[in-house]
Every structure is written in structure tokens, then in C-alpha cells.
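Here's a walk through one protein model, taken a piece at a time. Have the sequence and the 3D view open, and let's look at how the parts sit together.

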Amino acid sequence: MATVDDVRRLALSLPRTQEHLIRDRVKFRIGSIVYLALSRDESELGFAFPKEERAALVAAEPAKFFLPRESDLRFNWVESRLGALDPDELTELVTEAWRMVVPAKVARAHLDPPAAAPLPPAPSLDELRSAAAVFNGFAGVDRSWHALREETGRALDLSLAAHRTALHRWLNSWGCRIRYPREGEPDTFGAGLAAWGERHTLAHTPLARLTPREISRFAAAYEELAALPIGRRSLGPTAASKALYALRPDSVMPWDAAIAQRLHGVRDGAAFARHLELGRAWARAALEEGGGLREADLCAGIGRPEVSLAKILDEYLYITITHAAAADARKAADTAQRGTTPPAP
């Protein structure tokens with residue numbers, strides 16, 4: 001039997017979906033267009049459906065489906081008894097309703113993604129040491145992380161307002177630019193984060209030992225968190241991955257836009273799952289090359305004794321992709337500037 005939790009999980013796994021409470025009814029929409037709506041008692045689910053096909057749907061299974069009220073008959077809409085639907089049927093109905101309201105290219109990218117490009121081989125320990133040396137050269141590189149760990153007692157708890165505030169400050173220190181509420185304004189980030197935290201139980205397993213089920217749960221949690229409404233926008237993929245790292249620093253290899261685009265081409269939940277699978281393979285390769293060293297000893301030998309292997313791998317990607325691309329862009333700009341500057345008399 002399908003449940004409200006099933007509806008929420010499916011809807012929030014679909015790109016651009018936002019959940020809203022409107023006149024005491026939970027609704028899911030893309031922009032201003034609602035494509036799913038639960039009744040006030042959450043026993044019925046309305047969903048987008050072609051008008052020309054709904055009479056046949058209702059006639060075929062009247063125990064499950066019925067027409068909307070007369071004033072809504074002009075819309076592409078039909079109603080269902082949620083408890084009469086099985087999970088597979090619900091998945092199809094939710095997905096097709098979503099497909100009706102998103103641009104075709106968004107639906108194709110999510111439902112029929114292009115074949116993933118071959119992922120790069122695992123970096124050697126020497127390559128990780130070289131990247132760590134560059135990363136250690138950045139001014140104050142670990143200052144904000146140590147501050148977050150100290151403020152939260154090394155155990156970030158989203159049920160605590162002070163911890164949510166500390167996470168907000170840490171994310172912004174890493175360029176996420178999440179707006180702070182003005183005096184008297186509701187803290188939409190903090191409230192949304194607390195509610196999200198109640199819905200997700202995340203593993204504490206080190207990256208190298210993550211199971212497929214744990215990776216799937218991280219991916220679902222990531223996708224919902226990335227879509228979390230923050231004022232007029234959502235939290236976004238980079239901030240969501242960094243927040244997950246802050247919560248589970250031993251388990252999550254985060255990403256930024258440049259890394260995700262280079263490795264995966266997209267930043268949805270499926271891509272985040274592939275990213276964690278890549279990190280797991282790389283972490284296992286590093287531990288194997290380390291000859292049985294404990295992870296903490298391996299990280300110390302690489303030159304980053306106070307962070308996890310997951311973070312070291314993220315730093316390697318940052319140095320070799322994000323930082324390298326920025327350096328190339330600066331070099332190209334300098335070359336162009338010299339080419340347009342007249343020679344000195």
C-alpha cells in the first residue's frame with residue numbers, strides 16, 4: 001500500500017520539485033505549477049493527468065481513481081485513493097505527472113540520462129600528497145572547519161538551533177552564500193534543515209566501507225536537501241553536498257560545480273550516488289596502497305592528519321579540477337590582456 005512518505009520520497013527525488021503547505025494541504029509543484037496534492041486528511045492524492053485519458057482511467061479502476069470536483073474538471077487532473085495504490089503504480093503516476101509540468105529536456109536528462117563517461121583512475125598516494133601540499137598552502141584552510149567542530153562538540157546535531165547556525169556560518173565561509181535572516185524574519189534555512197534532519201537517518205560508515213544501501217540513502221538525502229527552499233531559491237547541489245560532509249565527514253566526499261560537471265555532467269541524486277561510489281573505490285585503492293595502515297595514519301602520512309580520507313579525496317579533486325581550471329582561466333586572461341596592451345614607448 002502506498003503511503004504519504006512514498007509520495008514525498010518520489011516527488012522530492014524529481015528535479016525542481018518543491019514541497020509546500022497550502023491551505024493545510026501538502027502540495028508538490030514545479031515553480032508555480034502544482035502536479036501533486038494530498039487531501040487534508042492525506043487519504044487522497046490528486047495528480048496531473050491528461051484530461052482526454054482520465055475518463056478511461058476512472059472507468060477501468062473506480063476503486064482507485066475518481067474525477068476531481070466540477071470546478072477542477074477544466075484542468076489536467078484526476079484524484080486517487082492513496083491506500084488503494086501499490087508503490088510501483090504510485091511511482092509511475094508521480095513520474096508521469098511530473099513529466100507533464102517540466103521542460104522536456106529536464107525530463108529527458110533525468111529519465112534518460114546519457115551514458116556516463118568513464119571515470120578517472122584512483123590517484124596514487126604520491127598524487128594525494130602533492131595535492132595535500134598545495135591545499136595546505138592556502139591561508140587558514142582549516143580554520144572554519146575547526147571552529148565548526150569546536151562549536152558542535154565534533155557531533156553536529158540538526159535538532160539544535162545553535163548547531164544549525166554554526167553549519168550555516170560554515171557553509172557561507174566556503175562560498176555558499178546562504179542568506180542570513182533579518183531581525184524578525186523566520187529562519188527558513190534552519191527550520192527546513194531541522195525538518196530534513198528528522199526525515200533522514202544517515203550512516204556513520206567510513207567512505208571505503210559504504211554499502212550500496214547506505215549510498216542510496218545518502219543520494220536520496222542529498223537530492224531532498226539540494227531542493228530545500230531557502231527564500232526564493234533552493235539550497236543547491238554544492239551546499240547540500242558540503243552539509244552532508246559536515247554531518248558525516250568520514251562518509252561523504254563532497255563536490256563543487258566544477259568537479260560534478262567534469263566527472264558526472266549533472267548534479268542530481270543519481271550522480272551523487274556515482275560520486276560516492278567513485279570515492280569508495282578511490283578510498284579502497286588508497287588504503288590498499290597504504291599496506292594496511294589505519295585510515296587516520298594514512299591521512300597523517302599524506303599530510304592531512306586532522307581530516308578524513310573522504311575530504312582528502314575531495315581536496316585532490318579540488319586541486320586538480322577546480323583550482324587548475326581557475327589557474328588556466330587566469331593565465332588565459334593575462335595572455336589576452338598582454339596581447340591587447342600597446343608596448344611601452
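Is Phe 47 buried or exposed? At 1% relative accessibility, Phe 47 counts as buried, where buried means under 20% relative accessible area, exposed means over 50%, and partly exposed is in between (1.4 Å probe, protein chains only). Before going further, a word on ground rules: this is a predicted model, in which local features need pLDDT of at least 70 and side-chain atom pairs count only at pLDDT 80 or more, while totals for chains, interfaces and linings use all residues. Residues are numbered from 1 along each chain as its sequence is written, and side-chain values use heavy atoms, with hydrogens and water left out.

Taken along the principal axes, the C-alpha atoms fill a box of roughly 75 × 60 × 50 Å. Of the 345 residues, 46% count as buried. As for contacts (heavy atoms within 4.5 Å), take those with a separation of 6 or more: residues 24 or more positions apart account for 58% of them.

Back to the aromatics. A search of the whole structure turns up 12 aromatic pairs. Rings of Phe, Tyr and Trp (its six-membered ring) pair if their centres lie within 6.5 Å, and planes under 30 degrees apart count as stacked, over 60 as edge-to-face and the rest as tilted. One of the pairs is Phe 47 with Phe 65: the ring centres are 6.2 Å apart and the planes sit at 75 degrees, so this pair is edge-to-face. It links distant parts of the chain, with Phe 47 in strand β4 (residues 44-48) and Phe 65 in strand β5 (residues 65-66), 18 residues apart. Phe 65 is buried too, with a relative accessible area of 2%.

Another pair to find is Trp 255 with Phe 272, whose ring centres are 5.3 Å apart and whose planes are at 80 degrees, so it is edge-to-face. Trp 255 lies in the loop between α10 (237-247) and α11 (257-263), and Phe 272 in helix α12 (residues 269-289), so the pair ties together parts that are 17 residues apart in sequence. Both residues are buried.

Next, some helix packing. The axes of α1 (residues 4-12) and α3 (residues 87-101) come within 10 Å and cross at roughly 40 degrees; axes are lines fitted to C-alpha atoms, for helices over the stretch in contact, and angles run from 0 to 180 degrees between N-to-C directions. That makes α1 oblique to α3, since under 35 degrees counts as roughly parallel, over 145 as roughly antiparallel, 65 to 115 as roughly perpendicular and the rest as oblique. On the α1 side, Asp 6, Val 7, Leu 10 and Ala 11 make the contact, and they meet Leu 90, Thr 91 and Val 94 of α3.

Finally, a couple of loop residues. Arg 23, in the loop between β1 (17-22) and β2 (25-30), has a positive phi near 50 degrees despite not being glycine. Arg 23 is exposed, at 67% relative accessible area.

Definitions and conventions
Helix = DSSP H or I, 4+ residues; strand = E, 2+ residues; numbered from the N terminus.
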